[in-house]
Amino acid sequence: MGAVTSMDEENLVRRIADGDRGAFDELYRRTSPWLAVRLRRRCADVEIVAEVMQETYLAVWRAAAAFAGASVGGSAVGWVWTIAARRLVDALRRRAREAQLPLAALPALAAPAAEDEVLDAVLGDAMGTALRRLSPDLRQVLQAMVLDGLTVRETAVLLGVPEGTVKTRARRARIALREALS
Amino acid sequence: MKIATLIRLRRRIRPATSDHVTAAVLERYATGGAGIRADALWAVEAHLEWCASCRERLGEAVARRSPETMSLLALVQAKLATEVARSPRMRVRRLPRRVSRWTPPGLWPRLAMTLLVLAAAVGLDLADNSRLLPSLVLLVAPVAPLLGVAGVWSAGIDPAHELVVASPRAGLYMVLRRTLAVLVVVIPTLAVAGWLAGASPARWLLPCLAFTGGALALGELIGLRWAAGALALAWTAGVITPSVLAARTPLLLEPASLPYWAGLIAVIAVALVLRRDAYTGLRSETWFVR
């Protein structure tokens with residue numbers, strides 16, 4: 001038994017598939033702060049975030065054997081996020097059914113800050129500029145669909161707008177990006 | 001948004017994530033505060049998904065700056081500890097990868113049914129001490145693989161059929177491969193059943209292969225499921241029933257007719273190869289059920 005602390009996440013998931021509690025705790029230690037922060041930036045309600053995280057890690061524990069990622073070049077962390085994003089959408093859907101309050105808090109709008117110049121090189125220049133110029137509405141849709149890997153329907157639930165709006169915005173964002181990148 | 005566009009966008013994000021996130025940005029990200037420019041935020045999130053060391057640093061930033069998140073994490077961990085201890089675990093050791101790559105979907109129930117039919121035939125043969133009837137194993141043997149073969153290439157049985165058809169390996173090669181997986185189980189079983197019931201493989205092996213190949217060839221015209229069903233029905237109505245009623249072994253299964261079966265197999269093989277493209281496209285319906 002190798003030390004779980006020196007394993008990468010893919011190996012951890014494989015060990016979890018064999019029922020290794022130590023590997024599970026290590027995966028939780030490593031990924032939970034990241035997941036919590038990322039979820040909280042998408043949903044302001046701490047209760048929902050806690051619920052989603054619990055469900056996500058429970059799913060990881062139960063279904064680790066189904067993770068085929070490592071053999072097809074997928075990342076375990078990406079897999080965890082995929083589960084979490086779906087669970088978040090499910091939770092929002094449930095809440096929307098139970099109560100009228102739409103809880104999908106919009107991510108805080110970006111106010112440019114001086115320190116960000118460090119990051120200028122991070123995204124390709126054209127891409128960065130194009131993203132920055134997009135209106136927040138369009139950017140949110142793009143973020144949910146591209147970065148978080150959600151479908152149109154899930155995006156609609158997450159952002160609390162109709163599906164048709166999501167489609168229109170995605171289309172407008174795509175056109176805007178294409179213009180900016182060409 | 002088109003999937004291709006999404007993939008292109010994702011590709012654009014990934015190579016640009018080599019630079020690590022600065023401590024200041026990481027702290028601001030951890031506290032959920034505003035003040036990270038949209039494109040930078042995007043880059044940070046994409047980067048964190050790929051970079052273990054930045055995730056580690058994010059964890060430290062959270063511990064330093066965001067007690068609220070820390071208490072959330074502790075709460076979730078405490079709940080998980082009890083849930084994990086009593087939650088059932090998924091067992092997905094279905095089949096070894098090598099085996100599942102060869103077998104068509106939904107094969108096991110079909111094989112089980114086939115084995116059951118053969119077992120029944122053996123039982124009847126053994127019960128029939130005075131040899132009043134021709135050997136049922138012998139009569140059933142030619143069509144025995146058809147139940148399995150019918151499931152080899154069928155949209156109705158395989159939910160992923162469209163994907164399979166679109167895969168580079170789709171076509172006659174994959175059909176034959178899956179058929180082989182069926183035969184590998186059915187033929188040895190038939191051999192054992194035939195041995196028990198006194199039906200020599202020499203008498204049923206060629207008819208059996210002819211029917212299997214025939215179903216595949218006919219399947220190129222009308223769909224494999226229909227083809228297998230039609231052949232099995234024809235054999236049952238045309239040979240098994242009369243033989244049982246007349247209580248004699250049909251001429252078709254006498255050793256004398258083996259050369260004809262061999263010739264038939266050759267014809268079938270040619271037909272199968274000539275029309276092999278039929279297995280690379282989607283078949284919406286058969287020509288007679290539109």
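Trainee: Axes are lines fitted to C-alpha atoms, for helices over the stretch in contact, and angles run from 0 to 180 degrees between N-to-C directions; at roughly what angle do the axes of helix α12 and helix α14 of chain B cross?

Mentor: The axes of α12 (residues 201–222) and α14 (residues 258–274) of chain B cross at roughly 25 degrees and come within 9 Å. α12(B) is therefore roughly parallel to α14(B) (under 35 degrees; over 145 is roughly antiparallel, 65 to 115 roughly perpendicular, the rest oblique). This is a predicted model, in which local features need pLDDT of at least 70 and side-chain atom pairs count only at pLDDT 80 or more, while totals for chains, interfaces and linings use all residues. Residues are numbered from 1 along each chain as its sequence is written, and chains are lettered from A and ligands numbered from 1 in the order in which they are written.

Trainee: Which residues in α12(B) meet α14(B)?

Mentor: Among them are B:Leu206, B:Leu209, B:Gly213 and B:Leu216, and the residues they meet in α14(B) include B:Trp261, B:Ile265 and B:Ile268 (contact means C-beta atoms, placed from the backbone, within 7 Å).

Trainee: Now for α2(A) and α4(B): roughly parallel or perpendicular to each other?

Mentor: The axes of α2 (residues 21–40) of chain A and α4 (residues 52–65) of chain B cross at roughly 70 degrees and come within 8 Å. α2(A) and α4(B) are therefore roughly perpendicular to each other. A:Arg30 and A:Trp34 are among the residues in α2(A) that meet α4(B), where B:Glu56 and B:Leu58 are among the partners.

Trainee: How many helices and strands are in chain B?

Mentor: Chain B has 14 helices and 0 strands (DSSP runs numbered from the N terminus: H or I of at least four residues for helices, E of at least two for strands).

Trainee: How many residues has the largest nonpolar core?

Mentor: The largest nonpolar core has 76 residues, and A:Leu88 and B:Leu58 are among those with the most contacts inside it (a core is a set of buried Ala, Val, Leu, Ile, Met, Phe, Trp, Tyr and Cys residues joined through C-beta atoms within 7 Å; buried means 20 or more other C-beta atoms within 10 Å of a residue's own). Helix α5 (residues 76–98) of chain A gives the most to this core, with 11 residues. Apart from this core lies another, of 49 residues, including B:Leu216 and B:Ala217.

Methods
Contact = placed C-beta atoms within 7 Å. Buried ≥ 20, exposed ≤ 12 C-beta atoms within 10 Å, placed from the backbone.
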